[in-house]
Amino acid sequence: MKKKRAYFGGSFNPPHYGHLAIAAAALECGKADIVMLSPAFAPPHKKGVPIASYADRMAMTELLVKEAGLPGLEVSGIEGELRYQPCYTCQVVEALTLRYPEDELLLLIGGDSLCTLQDWKNGRELAEKCSFITYPRHGWVFDPSIWEHDTAEKLQNSLMEGKFLEISSTFIRKSLENHGNTVNIIPESVEKYIREKHLYGC
C-alpha cells in the first residue's frame with residue numbers, strides 16, 4: 001500500500017519538543033503517514049556553532065522518538081549512510097526515492113526554507129517534482145510570484161495550519177551549560193544523555 005513518507009531533515013543539535021510537535025502535526029493532519037527525522041551528517045550552515053557528533057545526534061533523536069511513542073514517527077540515518085559533505089536535499093531525495101519506490105516522498109520543511117527554496121541546489125527542480133509539507137515560521141511570508149502558477153499553488157497548499165513552538169537550539173545549549181530549566185523543551189532522557197556524554201560544554 002502506497003504511503004506518504006515525509007523526510008524531516010535538520011541538525012537536531014539537540015532534538016527537542018519543537019521538532020516533535022512539527023512531526024506530530026504532519027501525522028495528525030493526515031499530510032503524512034510516516035515522518036522520518038533525519039539528522040544532517042555534516043550541517044553546512046553551522047560553522048562556529050558547537051555541534052555534537054553525528055552519532056550523538058542520531059542517538060538523541062532516537063530517544064526523542066522513543067519517548068513520543070507515535071505510530072509513523074521514525075528516525076532515518078540516510079545522511080550518515082550517504083556521508084556526503086556537504087549533503088544536499090536533492091541527493092537525499094534521490095536516495096530515498098530509490099529506497100522507497102512504492103511510497104510518495106514529501107519534504108517537511110519550515111516556512112523560512114520554503115521562502116528560500118529557489119536558492120537551494122536544484123531547488124526549482126525539487127519544487128516542481130516533489131511534494132511538500134510546510135510548517136509556518138514567524139516573520140516569513142511565502143512569495144508565489146517567483147514561481148510558475150502550478151508550482152506556486154502546490155507550495156502554498158503545502159502549508160500546515162496552526163502555531164508551532166519557536167524553540168532555539170542555541171537557547172537549549174546555553175541552558176544546559178548553565179544548568180538551566182529545560183522542562184517542556186527536551187525530554188529528560190535526552191538531557192541525561194547530553195550530561196553523561198558532556199556535550200555542549202555540560
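Predicted model: local features only at pLDDT ≥ 70, side-chain atom pairs only at ≥ 80, totals over all residues.
D112 is part of helix 5. Along the sequence, D112 and R137 are separated by 25 residues, yet their C-alpha atoms are 6.2 Å apart in space. Once its neighbours within four places in sequence are set aside, D112 is in contact with R137 and W140.

Helix 5 (111-115) also meets another helix. The buried residues of helix 7 pack against helix 5, and they pack against helix 6 (123-129) and strand 5 (131-135) as well. Helix 7 covers residues 149-156, and its buried residues are T151, A152 and L155. Viewed down the axis of helix 7, these buried residues fall within an arc of 100 degrees, so they line one face of the helix. On the face of helix 7 turned away from the buried side are H149 and D150, which are exposed.

A further example of packing comes from helix 1 (residues 17-28) and helix 2 (residues 54-68). Their axes are 11 Å apart, and the two helices pack at an angle of about 55 degrees. That angle makes helix 1 oblique to helix 2. The crossing of the two helices is right-handed. Helix 1 contributes Y17, H19 and L20 to the contact, while helix 2 contributes L64, E67 and A68. Sorted by class, the residues in the contact of helix 1 with helix 2 are four nonpolar, one polar and one charged.

Terms used
Residues numbered from 1 in each chain as written. Heavy atoms only, no water. Buried < 20%, exposed > 50% of the residue type's maximum accessible area, 1.4 Å probe, protein only. Helix = DSSP H or I, 4+ residues; strand = E, 2+ residues; numbered from the N terminus. Arc of directions from axis to C-beta. Contact = heavy atoms within 4.5 Å. Axes fitted to C-alpha atoms, helices over the stretch in contact; angles between N-to-C directions. Parallel < 35°, antiparallel > 145°, perpendicular 65-115°, else oblique. Left-handed = near helix turned anticlockwise from the far one by under 90°. Nonpolar A, V, L, I, M, F, W, Y, C, P; charged D, E, K, R; others polar.
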